[in-house]
Amino acid sequence: MKPLPEQWRDPQKKTEPSQEEMTGDEVTTKTPEIAAAGTKTPTLDTQSPVQLNGVTLQYDVGDSTAQPRFESRPSSPSPPPDPPPQREQWGGKYEFLLSCIGYCVGLGNVWRFPYLCYRNGGGVFLIPYFIMLLVTGLPLFLMELSLGQYGAAGPITVWKCCPLLKGIGIGMLLVSSLVCLYYNVIIAWTFYYLGMSFQSPLPWSCEAIANARLCQMNVTNGSHHLSASEVFWNEQVLGVVHSEGLQDPGPVRWQLAICLMLAWVIIFLCMLKGIRSSGKIVYVTATFPYLVLIVLIIRGATLEGSLQGVQFYLTPDWQRLQNAQVWNDAASQIFYSLGIGFGGLLSMASYNKFDNNVIRDTIVIAVGNCFTSFFAGFAIFSILGHMAWRKNVPVGKVADSGPGLAFVAYPEALALLPGSPFWAILFFLMLFTLGVDTLFGNMEGITTAVIDEFPVLRSDMKKKTLFLAVLCFGFFLMGLLLITEGGIYWFTLIDSYATSFGLIIITLFMCIGISFFYGVNQFCQDIIDMICKCPPWCTKVLWYFKACWVFCTPLLLLFILIYVFIEMYNTPLHYGSYEYPRWGMALGVCMGTLCCIQIPIWAIVAICRESGTLKDRFRKSIRPLKTWRVTSGHQSVTPQMVEVPYTVNLTDADFTAQQWENGTSDA
């Protein structure tokens, strides 16, 4: 704790101190009133410094007679400390809702959910999907929103509520960084396809001159050859045919490098003004995909064979419910589509007003996201059904997961439509807006975490601009590896492991830490405090969430974690026919471990900063710091106050000093 300034004196007795008399370890300060009365201030004996939360105290706070050392100079009125920069807030609740919906509704809703749905029994997949939504999705979603809104801080600083778990915030930061690294590569691919869509015929269609011979061979021989869209994707876009694997990345594809740079420039410009500007942008980027999906559904319903695709999408296979893989896929889809554990939700909620109804927002956003996934399936499979009818093959033979669905199967289906360039432009514009919104959320998680740790970036626009420029340029340089000829192998590796077991461990510890260390009852009370006019249904719903946080959600996360480890050990990683070597899979495991290992590392740091026995150190490190509490949405932070647990006993002089400082600032 820093020595408090000269305002320790009674404000009603403003006196000029004389020269201090120092003899050995004794410090004596005389004032005219005291000298006239023949009295002397108490003496302060030098003792060994006291450690508290890693801070060396200059005097013993437990000694009521202890006084700070004054400099031997006349007192002069010191200017009050500059107030901390005001934290931004959303312009309105609809900006926050649209930003969260845009963040959650991403590319996975278009290419991952429909694929998982028909792979795991069609319509019957909706049963485990909605069960996982109720047991894991909604509780964890509400936990992140409430934690960010109540603490008004990013993923790292918010763990003032439990310093032992600061590593969770660091882990979220690393997960978001890995996701941003490869997610913008998808946007670069989208830019490339969007540019190519302004040609007629489309360069991946059979009508293009370069593909005429290939398509003729497929029709004549009737054997399975690569389609025109697959050749375009593998040769012209990726160049993967020239690479032998992870160890052979090859040169950078300069066309994709330009698209990647353009994507990062757009992200930089959108984030430069903070949430005030990005909050306005989401009015377009979050609503445009829904308009495109409606148009595509209407167009798909008029195509021959569309009902065959929809039937394939919804036909239930009840026996699949007995397979653990179905339940694991449902949980993973809920996890990734809602963006839980990345820090983006927590960061965006930290800009909310203190009395925002987080329970209402949780239900609206989560249900809206799941409905979008289901709704997008009709647009996808109505056109894939037409594609299967044209090729005279089952629907299951023309659909694939991941990039294969968005950049191979679907472009091929679009090429079969009349006026194909127009539909291709619409589709890739939709992919662009979906990707940009999700990347906004991930980048917001990173920037908010760093800016909260270094508040000078918030007040100094030049430093903030430089920080964002360096951050985006750094991601661009690292992303160049993913747009080499062998970059798709690295892309698949990061995509498979960055959000795998590490993300589940982070959310598991977040749930356990809030429920058992911070206290689930206290957390529920914090939510009620935020919702000033809490409707009766909100209080009743909290009982359900409390049961999930304490019991259901941790057990289910533990089950998913065990299953992921078993599957990862028994199933090798593939991209097409390429099987990843052991050193590549080991590298992927290291990525996931790097994210979750931050939890024990920073827990050890927090314990070492405390004093006393190991049990005392642990108990102190799970107590909230003084600056955790908020009042009416503003953190009550005193500039000269050390972050200490609530149980530290302050002397009367400490409270007098606070009153004096408050009186000075009010004046």
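Predicted model: local features only at pLDDT ≥ 70, side-chain atom pairs only at ≥ 80, totals over all residues.
**Exercise 1. Leu-384**

Task: decide whether Leu-384 is buried or exposed, and find the separation of its C-alpha atom from that of Ala-413.

Solution. 
1. Leu-384 is placed in helix α15.
2. Its relative accessibility is 0%, so Leu-384 counts as buried.
3. Leu-384 and Ala-413 are 29 residues apart along the chain, and their C-alpha atoms are separated by 6.3 Å.

**Exercise 2. A nonpolar surface patch**

Task: name the residues that form the nonpolar patch on the surface, and say which helix gives the most to it.

Solution. 
1. The patch is formed by Phe-516, Val-550, Phe-551 and Leu-555, which together have about 390 Å² of accessible area.
2. Helix α22, residues 536-570, gives the most to the patch, with three residues.
3. Leu-555 is found in helix α22. Its relative accessibility is 45%, so Leu-555 counts as partly exposed.

**Exercise 3. Cysteines**

Task: determine how many disulfides the model has, and examine Cys-100 and Cys-472.

Solution. 
1. A disulfide needs two cysteine sulfur atoms within 2.5 Å. The count comes to zero disulfides.
2. For Cys-100, the nearest cysteine sulfur is that of Cys-104, 6.2 Å away, and Cys-100 is in no disulfide. Cys-100 is buried, with a relative accessible area of 0%.
3. For Cys-472, the nearest cysteine sulfur is that of Cys-180, 9.1 Å away, and Cys-472 is likewise in no disulfide. Cys-472 is buried, with a relative accessible area of 5%.

**Exercise 4. Aromatic pairs**

Task: classify the ring pair of Trp-264 and Phe-475 and that of Tyr-410 and Phe-427, and locate each pair in the helices.

Solution. 
1. The model has 43 aromatic pairs by count. Planes under 30 degrees apart count as stacked.
2. Trp-264 and Phe-475 have ring centres 5.3 Å apart and planes at 5°, so this pair is stacked.
3. Trp-264 lies in helix α9 (residues 254-272) and Phe-475 in helix α19 (residues 461-479), so the pair ties together parts that are 211 residues apart in sequence.
4. Trp-264 is buried, with a relative accessible area of 3%, and Phe-475 counts as buried at 5% relative accessibility.
5. Tyr-410 and Phe-427 also form a stacked pair, with 4.2 Å centre to centre and 20° between the planes.
6. Tyr-410 lies in helix α16 (residues 403-415) and Phe-427 in helix α17 (residues 420-453), so this pair ties together parts that are 17 residues apart in sequence.
7. Both Tyr-410 and Phe-427 are buried.

Conventions:
Residues numbered from 1 in each chain as written. Heavy atoms only, no water. Patch = residues over 30% accessible without salt bridge, like charges linked within 9 Å, V, L, I, M, F, W, Y side chains within 5 Å. Areas by Shrake-Rupley, 256 points an atom, 1.4 Å probe, with all protein chains shown as cover. Salt bridge = Lys/Arg side-chain N within 4 Å of Asp/Glu carboxyl O. Helix = DSSP H or I, 4+ residues; strand = E, 2+ residues; numbered from the N terminus. Buried < 20%, exposed > 50% of the residue type's maximum accessible area, 1.4 Å probe, protein only. Phe/Tyr/Trp six-rings, centres within 6.5 Å; stacked < 30°, edge-to-face > 60°.
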